[in-house]
Amino acid sequence: TIAVFTVSGSIVRETKVINSGVRSQQAFEAAEAGLASAVDYIGKAWDRNEDGDIDPVYDDDADDIGNINTATVGSGRVVVTTEDISTGIFKTIRVKSQGFSDDSTATRTITQVVAKPDPLPSLPDNPLTARTNVDIVGSATIVNPEGNTNIWTGGDVDLGQNNSTSTAIADPQDIDYPDCMETPLTCSLTRSSDKDSEGQDLVQSDSNLFNSTEDELFQYYFGLPKDIYRDYIVTLETTADEANTDAQYATEEVIWIDGDVRLENITTIGCGVTLTTGDPCPPEELKPSILIIDGDAEFKGPDIFGLVYVTGNVSISSSTDIQGAVVVGGSLSNTTSGSLDLLFNSDVLNDARRNGGMLPIAGTWKDFNEG
């Protein structure tokens, strides 16, 4: 009898231990699944209905906007909660995923911090950078009210013979100079270079820039190799054939256009409305983007707010207005009909740094066994 009770008690205890382990595993797997779903949802867009609040991470009505934070995972279930712990301009969210076993006797909780990495860690400080040459055949106005440099090249700058071509910098005679350079668009301007004279705002034949590879130039500005940046930071990826449709009115995006492209049917990027030539973007519509073109680019008339980065060569064959900055891995030129108005604005560039996907931060994953 004693032996029977001993064996029976041992079996009961082993069964409890096994069942406890099974339920603990159910809870852990549910918590892991919830965390993975949350990171995936938040990484792509955390506020898809644009109400300013972090969305729930599960979408049960198939409209691509999360509406619940609970889900069934196998025989268990999970509850996800999110907390905004941002302290600067970059969004930072703590995700808590609590998994439950089928009978709710076992609970496991996993937390992870997800943050938006800086998509533009090295901010340009002049309007136009080209690794080789800049040749202006048509007209161009290039203005930097925040500094003394307009064009930085590894080759030569030719401003052509058009009377409309000129550059301008912050005026040292401004009563608030140099403090005014700290606030975009507040300094008075003075003409620096034109077809008849080259001012000190043109930095030419920089051997370090010229000898840099395009990949090195990309990593200097964006902080990551191109393949990693494209996979994890880019929010809108398109082809040369679809770019004129996909990038139209693209705001608060990191845009990647694959291949040589002609942007000819786009009116604005980084602003949500069509603009009359020379008009500013209304403040409520100004949401700058980062435009990356992996190839050569021809611009035929768009208004762009943000950073334009082209890995190859740039040609401008119609009136093109850009506010922010332009970086070119090759050369920049325009035709006789091409007109470029380029205004450096660090506020626009800083606003564009808010864009991009979100990633889990290494070292922030924690697991709590609660039952």
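# Reading contacts, sheets and spaces

Me: The backbone oxygen of glycine 155 sits 2.9 Å from a polar atom in the side chain of threonine 153. What is a polar contact?

Reply: It's a pair of N or O atoms within 3.5 Å; within protein, one must be able to donate a hydrogen and the other to accept it, and residues adjacent in sequence count only if both atoms are side-chain atoms. Keep in mind that this is a predicted model, where local features need pLDDT of at least 70 and side-chain atom pairs count only at pLDDT 80 or more, while totals for chains, interfaces and linings use all residues. Residues are numbered from 1 along each chain as its sequence is written, and side-chain values use heavy atoms, with hydrogens and water left out.

Me: Where does threonine 153 lie, and is it buried or exposed?

Reply: Buried means under 20% relative accessible area, exposed over 50%, and partly exposed in between (1.4 Å probe, protein chains only). Threonine 153 is buried because its value is 0%. Threonine 153 belongs to strand β8, residues 151-153; strands here are DSSP runs of E, at least two residues, and helices are runs of H or I, at least four, numbered from the N terminus.

Me: Which residues is threonine 153 in contact with, leaving aside its neighbours within four places in sequence?

Reply: Contact means heavy atoms within 4.5 Å. For threonine 153 you get Ala130, Thr132, Val134, Val203, Gln204, Ser205, Asp206 and Leu209.

Me: How much space lies in the largest pocket?

Reply: The idea is that rolling a probe the size of a water molecule over the atoms shows where empty space is left. On a 1 Å grid over the protein atoms alone, a cavity is a set of points where a 1.4 Å probe fits but cannot get out, and a pocket is an open set with protein on both sides within 12 Å along at least five of seven lines; lining residues have an atom within 4 Å of a point. Points are joined across faces, edges and corners, and a volume is the space filled by probe spheres set on the points. The largest pocket holds about 1000 Å³. Its lining has 34 residues, and Lys44, Ala45, Lys116, Glu252 and Gly356 are the closest to its centre. Helix α1 gives the most to that lining, five residues.

Me: How do the residues of that pocket lining divide?

Reply: Ala, Val, Leu, Ile, Met, Phe, Trp, Tyr, Cys and Pro count as nonpolar, Asp, Glu, Lys and Arg as charged, and the others, Gly among them, as polar. The pocket lining comes out as 15 nonpolar, six polar and 13 charged.

Me: And what volume does the largest cavity have?

Reply: About 40 Å³. Residues lining the largest cavity include Phe299, Val308 and Leu340. Strand β21 (319-328) is one of the elements giving two or more residues, and its three are the largest share. By class, that lining is eight nonpolar, one polar and no charged.

Me: Back to glutamate 252. What is its phi?

Reply: Near 55 degrees, a positive value in a residue other than glycine. Glutamate 252 sits in the loop between α5 (243-246) and β14 (254-258), and is partly exposed because its relative accessibility is 45%. Alanine 62 also has phi near 55 degrees, but it counts as exposed, at 71%.
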